[in-house]
4 protein chains.
Amino acid sequence: MESAIVLVRCPDRKGLIARITGLVSWLEGNIVTADQYTTSPEGGSFYMRLEFCLEPSRTGWDRIESAFAALSVELQGECRVYRSGVPLRVGILVSRQTHCLADVLFRQSLGELPLQVALVVGNHPDGRALTEHYGVPFHLVPATRDNRAEAEAQILERVSGTTDCLVLARYMQVLTGDFLRAYGRDVINIHHSFLPSFKGARPYEQAWERGVKVIGATAHFVSEGLDEGPIIEQQVLRVSHRDDAEALKRKGRTLEQLALASALEAYARRRVFRHGIRTIVFE
Amino acid sequence: MESAIVLVRCPDRKGLIARITGLVSWLEGNIVTADQYTTSPEGGSFYMRLEFCLEPSRTGWDRIESAFAALSVELQGECRVYRSGVPLRVGILVSRQTHCLADVLFRQSLGELPLQVALVVGNHPDGRALTEHYGVPFHLVPATRDNRAEAEAQILERVSGTTDCLVLARYMQVLTGDFLRAYGRDVINIHHSFLPSFKGARPYEQAWERGVKVIGATAHFVSEGLDEGPIIEQQVLRVSHRDDAEALKRKGRTLEQLALASALEAYARRRVFRHGIRTIVFE
Amino acid sequence: MESAIVLVRCPDRKGLIARITGLVSWLEGNIVTADQYTTSPEGGSFYMRLEFCLEPSRTGWDRIESAFAALSVELQGECRVYRSGVPLRVGILVSRQTHCLADVLFRQSLGELPLQVALVVGNHPDGRALTEHYGVPFHLVPATRDNRAEAEAQILERVSGTTDCLVLARYMQVLTGDFLRAYGRDVINIHHSFLPSFKGARPYEQAWERGVKVIGATAHFVSEGLDEGPIIEQQVLRVSHRDDAEALKRKGRTLEQLALASALEAYARRRVFRHGIRTIVFE
Amino acid sequence: MESAIVLVRCPDRKGLIARITGLVSWLEGNIVTADQYTTSPEGGSFYMRLEFCLEPSRTGWDRIESAFAALSVELQGECRVYRSGVPLRVGILVSRQTHCLADVLFRQSLGELPLQVALVVGNHPDGRALTEHYGVPFHLVPATRDNRAEAEAQILERVSGTTDCLVLARYMQVLTGDFLRAYGRDVINIHHSFLPSFKGARPYEQAWERGVKVIGATAHFVSEGLDEGPIIEQQVLRVSHRDDAEALKRKGRTLEQLALASALEAYARRRVFRHGIRTIVFE
């Protein structure tokens, strides 16, 4: 028995669940989990995630894929089929802070996350030793404000075709719209949760001066022109006046690790849909 | 347009979701939310909760109910239909501590919980004034260890036929198996989360002496012969050595309110299934 | 034995703790708890909260108060003495939403909070019945944008001299700087935690559209000219795409109750110091 | 300027804080933080942690140490002085699961924790590569039930004199009372928080079968004859029926990392006192 995941996105109408699950039955699949969500009772968008088992010897992948391709046309939407055994290929971009990189590499080494870190690109060499310890290739591309176009071209060459998504694991360079369009796949970022407060440099110092009692970290998709694209995951923690700016940073690092790991797990299990400026995350 | 909830429980097999959602389509219902869960990939039990809208002028309730009655037979399980507009009738049993009672009554007064408190029975008069402030009948049945059979008979007379479930909101008398069988509906209890530790009297004093760093409250179904039946909801909070036993009790009261309110909301929205010694709670 | 709380605020210098605790020893007091905090290692401000027992028959209150008055001069700061048995007198301002009012009144009735609700002022009558159920006077002062000066004068007359602080328990009118200066004591407010995001009306609808994964509530001091004065307490909760705007509001109400109760408890136990735009809250 | 930490433990009596802080003043130290706690208002034990700066050129360490040694006698208790710059030397014992080991090593490499991992002992080779990546010596001592005495002798030889405490980072062998007495210093363990429920093997499977809605991890001191010695830290997380036993284990690993890191940080900063079967942890 193998298993597959189907993601459906289309305009809502009556009978959709019966139609889609009926197709799985017809393909002799056995549904393991099904989640669906409609953004609005009237004229909304319909999202569905289906996980099902089947015997490919009886129902070949070609037949499954063409069945869902036909369904896409019928529903005027999009049905994507993913074979469960194929891990997501992730490229990580990193600068000098390596806590998120270290956490993802370790979790991957345990087999916790259904993904494979294909390569790491750093604009500083700080992450090299740890990356190579885990047997993952590390490429130094010393991006700065001044060589942005050239650096992005080098990164693009490394990650195009070899990765299914990029993770900015405390990568401190802005990616241009040109890069995002050329790459054409999802890019996930992680940062503190104070936005739109405490923009710019030294956010934890600013938060400390303001006396916040809760800090947080947000994992989100990168969208051109938005400070913060659709939010995938947020993690929060209570703090007090006893936590100085260094303590806030230290706790912030842990929150960033937790939020990124949780977002990546949901994403790699195909549980995340983008819908405008928000997301639907099936738990 | 009216709406209805269908709860399905049956042995798992291929094609169930398609079969059930297909029936809703055939009845011209429009599915708003659907949740399902299978306890085990092989030989498991299947649970489904469906919420759908329909025009009863076109599809009468009789036809809907008989369609799902027939489906129950077909699936060798149980399909129950609930009309959304009909609130759950709740009976509350209380002793001297009224924090859970006060919280449920206030939330009901806001229309937050899709339920109606039909009556309150106290074995002490402490809850009377607040109950009557909210216009709910209060009955004093001074149960003790010595008059258990008589007190339970009085309670049963009050709650049979007038309530769909009972809530023990810090009710400090044990209910006998005879009572539970005679009542025949769900009974929900709330207590601290230390079980099986710190049994008996003065649990917060015991927890304080042991130096726990987290306290909690559990809402669960009452099952004959079990200290703690299937868990519906748990709420937890960090504490420190600075919290004395009084502080633990105070924080425990808030946790009990939160866990009970959350469990009751899920239960009244028909999101809770019992499965042996555990529950499935669709969020 | 009676007990007292002393709050000290002065420029930091060597030997302060020894000096202050030495004075308590000299007054034959026995320190129960002591907390202190210095805002900066160089040139910072020093804050201390001391709770001590003493026998007033041996050491009269007059002597204690004049000793700390002299210490204030010596330290070029401020030492305030509070007798523990004297509850804080709180005035509550409320509009149509009564969840925070109900929670504070109930907790007061349990004796949980070391405070006494002296009176409630509403610009709508919604809170009257519950307030009077707890035996607290309710005054209707129908404030709107158009009669602000007159309404504030009426409120001021009610709360001056009869209250030690005001709580805005979802009071939807802005208080003017004139009012705040004339009242001259602390005013505590409670609202959602999204500021500076989602300002103005319908914050939960805005948060829902943005797809936040965490919501929160903040209790803070009201400061003229600031949207949000020094933060006393924040409470947060995870939410998902399944929570519509109504669910966010419902959960937000619970967070507002929790954050306000926690802030009020700390404040009434004299655990809160204001320091510029932040607070020090000794736990 | 250097800084020092003093830990005091003695029978409570009037004037203690003034006496101790007065001594620091006399030594020309400047107190940075001070925490104290009395276990009971009558006949309790007094615990204090003081952090102060001083110029050793003016006040030599010898003089400081002899001053506090004299104070110990005076107070009939114990005063210990620690120079802040000297890191705690930690020995880690590990078996096959390396998540806690990896987390501590990485945090140490960031300089987050004021400690130095002196060595790692494994009864399996699984932790070797990662340990050596961080430049820490790894010793394989293949302990089983059958060679306990011999294995413990080997471990003791490695850790005596070279470590200030031991951390059992998912070390799956029991340490005997003989070993604990011979080592004579603190041993910290980390495990799931279900005790006394779900003892023995496969706790997460048991918790899953029981349908718990919250899981947790506990870091505690190892005490001979107790399943769980004094608790230092607990971390908890909500789970649902959708989390199978594998998901509980995965989330449990993260909780174990968080609880151990937090406990170790507090311990290394000398914030933890043992008091019978509980702890006092100054935050």
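In chain A, the domain assignment gives domain 1 (2-83) and domain 2 (88-281); such bounds come from an automatic or database domain assignment. The model is predicted: local features need pLDDT of at least 70 and side-chain atom pairs count only at pLDDT 80 or more, whereas totals for chains, interfaces and linings use all residues. Residues are numbered from 1 along each chain as its sequence is written, and chains are lettered from A in the order in which they are written.

The C-alpha centres of domain 1 and domain 2 of chain A are 31 Å apart. Contact between them involves nine residues of domain 1 of chain A and five residues of domain 2 of chain A, two residues being in contact if their C-beta atoms, placed from the backbone, lie within 7 Å. On the domain 1 side, the elements of chain A that give two or more residues are β1 (2-11) and β3 (45-54). Helices (H or I, at least four residues) and strands (E, at least two) are DSSP runs, numbered from the N terminus.

Chains C and D also meet, with 13 residues from chain C and 13 residues from chain D in the contact. On the chain C side, α1 (16-26) and β2 (30-38) of chain C are the elements that give two or more residues. The table sets out the class composition of two contact sides; Ala, Val, Leu, Ile, Met, Phe, Trp, Tyr, Cys and Pro count as nonpolar, Asp, Glu, Lys and Arg as charged, and the others, Gly among them, as polar.

| Domain 1 of chain A, touching domain 2 of chain A | five residues | two residues | two residues |

The same surface serves both copies, since 100% of the contact residues of chain C recur in chain D.

Chain A is likewise superposed on chain C by a rotation of 180° with 0.0 Å of shift along its axis (RMSD 0.0 Å). These two copies are thus related as by a two-fold rotation axis. Here 100% of the contact residues of chain A recur in chain C.

Within chain C, helix α3 (residues 99-109) has ten of its eleven residues buried, a buried residue having 20 or more other C-beta atoms within 10 Å of its own, an exposed one 12 or fewer, and a partly exposed one a count in between. The buried residues of α3(C) pack against α3 (99-110) of chain B, and also against β5 (88-94), β6 (115-122), α4 (128-133), β9 (186-192) and α8 (245-268) of chain C. C:G111, which follows α3(C), has a positive phi near 75°.

The largest nonpolar core has 298 residues, of which A:A169, B:A169, C:A169 and D:A169 touch the most other members. Such a core is a set of buried Ala, Val, Leu, Ile, Met, Phe, Trp, Tyr and Cys residues joined through C-beta atoms within 7 Å. Neighbours within four places in sequence aside, C:A169 is in contact with residues including C:C100, C:L101 and C:V104.

Technical notes. Copies are superposed by least squares on the C-alpha atoms of residues with pLDDT of at least 70 in both.
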